[in-house]
Amino acid sequence: MAAQRKLGKATDQRLALLKNQVSQLLWNGKLETTEARAKEVQKLAEKYITLAVNTYNDTVEVEKTKIVNGKETTVKVVNDGANKLAARRTLMANLADLKEARLPKEKGLEYKVRTKTVRHPLIEKLFNVYAPKFAKIAEEKGQKGGYTAIYKMNARRGDAAEMALIVVL
């Protein structure tokens, strides 16, 4: 048996498709696609969430000296540890870099101010939202994994492809 489904695509097209679908799943929390694609997306999404859960606490506190108005001041900064940095880089290489959407009735300047400090919103969401949530669940229930669920839907009109909804729990 093959390690992965071919999905009727060339390798580069298949990898690009899965990269985009996993990114959309993690960003929106759900994705409607064919059943075979959903199973492949689930494999990758589970791996990426597990990577974030295992490394999200790895931080290092560093003191930096800055010169402000001719005076030297020390500032404490929290940086990523080696494991979290490696995980962050792996995720950035394997996920599409999605932009944060503007809120309804939000002006351009407000949007720039709100998103100024966040360079990679999807990666930040993985480490700041999903990782703590699933780490807490793993600690309480003693189980790891099972971050996503696939629900079968009716066949697609036109080609009768088996459709599925994949959801981040």
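1. N69 sits in the loop that links β2 (59–68) to β3 (71–80), where helices (H or I, at least four residues) and strands (E, at least two) are DSSP runs numbered from the N terminus. The phi angle of N69 is near 55°, which is a positive value in a residue other than glycine. A second case is L7, with phi near 60°, again positive in a residue other than glycine; L7 belongs to the segment before α1.

2. On provenance, this is a predicted model, in which local features need pLDDT of at least 70 and side-chain atom pairs count only at pLDDT 80 or more, while totals for chains, interfaces and linings use all residues. Residues are numbered from 1 along each chain as its sequence is written, and side-chain values use heavy atoms, with hydrogens and water left out.

3. Helices α1 and α2 pack at an angle of about 65°, and their axes are 9 Å apart; axes here are lines fitted to C-alpha atoms, for helices over the stretch in contact, and angles run from 0 to 180 degrees between N-to-C directions. On the α1 side the contact (heavy atoms within 4.5 Å) involves L17, L18, Q21, V22, L25 and L26, and on the α2 side R37, E40, V41, L44, A45, Y48 and I49. By class, the contact of α1 with α2 has 10 nonpolar, 1 polar and 2 charged residues, with Ala, Val, Leu, Ile, Met, Phe, Trp, Tyr, Cys and Pro counted as nonpolar, Asp, Glu, Lys and Arg as charged, and the others, Gly among them, as polar.

4. Helix α2 (residues 35–55) also packs with helix α3 (residues 82–94), at an angle of about 160° and with the axes 9 Å apart. That makes α2 roughly antiparallel to α3, given that angles under 35 degrees count as roughly parallel, over 145 as roughly antiparallel, 65 to 115 as roughly perpendicular and the rest as oblique. The crossing of α2 and α3 is left-handed. Here Y48, L51 and T55 of α2 meet N83, K84, A87, T90, L91 and N94 of α3, and this contact divides into 4 nonpolar, 4 polar and 1 charged residues.

5. The packing of α3 with α5 is at about 135°, with axes 10 Å apart, and the two helices are therefore oblique to each other. Their crossing is right-handed. From α3, K84, A87, R88, L91 and M92 meet I123, E124, L126 and F127 of α5; these residues comprise 6 nonpolar, no polar and 3 charged.

6. Strands β1, β5 and β4 form, in that order, an open sheet of 3 strands with antiparallel pairing, two strands being paired if DSSP finds at least two bridges between them. Because β1 (30–34) and β4 (148–152) stand at the edges, each with a single partner strand, one side of each is left without a neighbour in the sheet. Neighbouring strands are turned by 25° against each other on average, direction ignored. Between β1 and β5 (residues 163–168), which run antiparallel, there are 5 bridges, and the bridge partner of T34 in β5 is M163. Helix α1 (residues 11–28) packs on this sheet, touching β1, β4 and β5, and its direction makes about 145° with that of β1.

7. How many aromatic pairs does the structure hold? There are 2, with rings of Phe, Tyr and Trp (its six-membered ring) paired if their centres lie within 6.5 Å, and planes under 30 degrees apart counted as stacked, over 60 as edge-to-face and the rest as tilted. One of them, Y130 with F134, is stacked, at 6.2 Å centre to centre and 25° between the planes. Both residues lie in helix α5 (residues 121–141), 4 residues apart, about one turn of the helix.

Note on methods. A crossing is left-handed if the near helix is turned anticlockwise from the far one by less than a right angle, and right-handed if clockwise.
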